[in-house]
Amino acid sequence: MENKNSENLWRGNIVNRRKFLGRSAIASLGLALNPFSMVAHGETGAANNGEGKTFTGTAPNRRKLGNLEVSAQGLGGLPVVGFYTSGVRDQSLVNKLYREAYDNGVTFFDTAEVYGPLTNEKQVGEAVAPFRKDVVLATKFGFDVDPDTGERRGIDSRPKTIRRSVEGSLKRLKTDYIDLSYQHRVDPNVPIEDVAGTIQDLMNEGKVRNWGLSEPGLNTVRRAHAVQPLSAVQNEYSPWSRDPETDILPLCEELGIGFVPWCPLGYGFFADAINENSRFSEGDFRAILPRITPENIPQNLEMLYYIEEWGLRKNASPSQITLAWLQAQKPWIVPIPGTSNSVHLRENIRANDISFSSEELKEFNSGISDITIAGTRNAQGVMDAMGVEAPSEG
Ligand SMILES: NC(=O)c1ccc[n+]([C@@H]2O[C@H](COP(=O)([O-])OP(=O)(O)OC[C@H]3O[C@@H](n4cnc5c(N)ncnc54)[C@H](OP(=O)(O)O)[C@@H]3O)[C@@H](O)[C@H]2O)c1
């Protein structure tokens with residue numbers, strides 16, 4: 001929530017804030033000033049507006065991805081599987097974190113067969129078991145993963161591999177249906193029509209309810225959607241990765257497909273979790289990311305500082321500003337910040353209370369456009385698998 005008095009109080013400090021105000025203090029500022037937003041569970045398209053009248057559409061803090069209704073913010077599963085720290089979180093802590101998310105209105109949980117591999121689905125399945133029917137579980141297929149050892153052998157969306165993956169996901173997630181099943185990466189050897197047909201079969205069997213694509217080629221989206229309508233595309237999108245704005249977001253808008261930004265916080269960079277002194281240990285995925293090498297961090301911090309200035313204007317932490325900015329782009333955008341930390345979870349959820357007027361959006365966008373980012377958004381090998389078009393049939 002914006003607070004004008006506090007805004008004035010802090011405005012004078014902006015210029016010198018890097019010297020006088022620890023950046024963790026800025027984060028706490030957002031925590032201290034934003035009222036906690038509680039959301040009732042099970043809200044649907046028809047909700048009570050508090051005056052005894054009902055309105056149709058999507059309830060507050062709920063959004064639509066195609067026809068699938070989800071909470072306005074989801075929870076990503078990578079941090080609890082140790083992707084960023086090389087340590088897997090204890091299941092009792094994962095249970096607590098997911099219960100806390102659920103109790104605070106987050107009902108959209110993202111995972112994948114390859115997170116772990118295999119282990120994150122088990123963590124999430126166990127954590128949401130007490131309230132499984134009230135949440136949306138999203139997972140992903142599309143790699144050849146040995147179901148026993150977890151060995152990952154490359155991209156593979158042949159129908160038999162999709163089936164094996166989905167059956168495995170159902171077991172690991174302790175559920176008999178997947179709410180949203182994404183193809184993790186387009187398979188350059190399998191026509192997307194074959195993938196869509198396999199998903200249709202799984203839908204007819206009641207095992208999959210909705211589907212999506214992650215980092216697909218544009219034409220592949222059109223072809224997939226023509227066979228079986230997509231609910232969501234999941235791509236990287238954040239202040240330093242705005243490529244979706246030029247092509248995939250307009251396409252989603254045209255086709256009525258929802259959009260789920262992954263790494264909305266830039267691997268923690270926009271949550272002020274990375275600074276000039278950050279170094280990543282072996283096994284921490286961040287060690288290979290070009291934008292957070294020791295050489296590139298100092299230049300890229302300019303964008304974090306810019307976001308922090310907006311945080312001072314709106315009395316919010318940089319993670320809250322970043323998530324609220326993403327949510328403000330379109331009502332069918334649902335970021336899925338990942339966290340393993342309950343304080344961070346609560347901080348992120350409060351982004352739901354921050355709004356941007358269209359003038360503010362324009363100003364914010366023009367400010368970030370002026371900042372030059374050093375480094376590509378990912379390592380070349382990872383980028384090579386993105387934006388791929390599936391081959392034609394026959
Ligand atoms: N489709 C794809 O190809 C793809 C690729 C990558 C990710 N994903 C999905 O997208 C989700 C989100 O992306 P991500 O988790 O990789 O990156 P992210 O959400 O951009 O950032 C996660 C990192 O930020 C930190 N963080 C989060 N909130 C924080 C806060 N308020 N203050 C300080 N630090 C904070 C987390 O550490 P703490 O644990 O300490 O909070 C974690 O290290 C993933 O979890 C996964 O489900 C999908």
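Trainee: How many residues surround the ligand, and which are the closest?

Mentor: 28 residues surround the ligand. The closest are G76, L78, L265, G268 and G338. A residue is near a molecule if its C-beta atom, placed from the backbone, lies within 6 Å of it. Keep in mind that this is a predicted model: local features need pLDDT of at least 70, side-chain atom pairs count only at pLDDT 80 or more, and totals for chains, interfaces and linings use all residues. Numbering starts from 1 along each chain as its sequence is written.

Trainee: What classes make up the shell around the ligand?

Mentor: Twelve nonpolar, 13 polar and three charged residues. Asp, Glu, Lys and Arg count as charged; Ala, Val, Leu, Ile, Met, Phe, Trp, Tyr, Cys and Pro as nonpolar; the others, Gly among them, as polar.

Trainee: What makes strand 12 mostly covered?

Mentor: Four of the five residues in strand 12 (residues 232–236) are buried. Buried means that 20 or more other C-beta atoms lie within 10 Å of the residue's own, all placed from the backbone. Strands are DSSP E runs of at least two residues, and helices are H or I runs of at least four, numbered from the N terminus.

Trainee: Why are strands 11 and 12 called a pair?

Mentor: Pairing takes at least two DSSP bridges. Strand 11 (residues 211–214) and strand 12 have three, in the parallel sense, so they pair. S214 stands opposite Q234 in strand 12.

Trainee: What about strand 13?

Mentor: Strand 13 (residues 258–262) runs parallel to strand 12, joined by five bridges. W262 in strand 13 is the bridge partner of E236.

Conventions: Buried ≥ 20, exposed ≤ 12 C-beta atoms within 10 Å, placed from the backbone.
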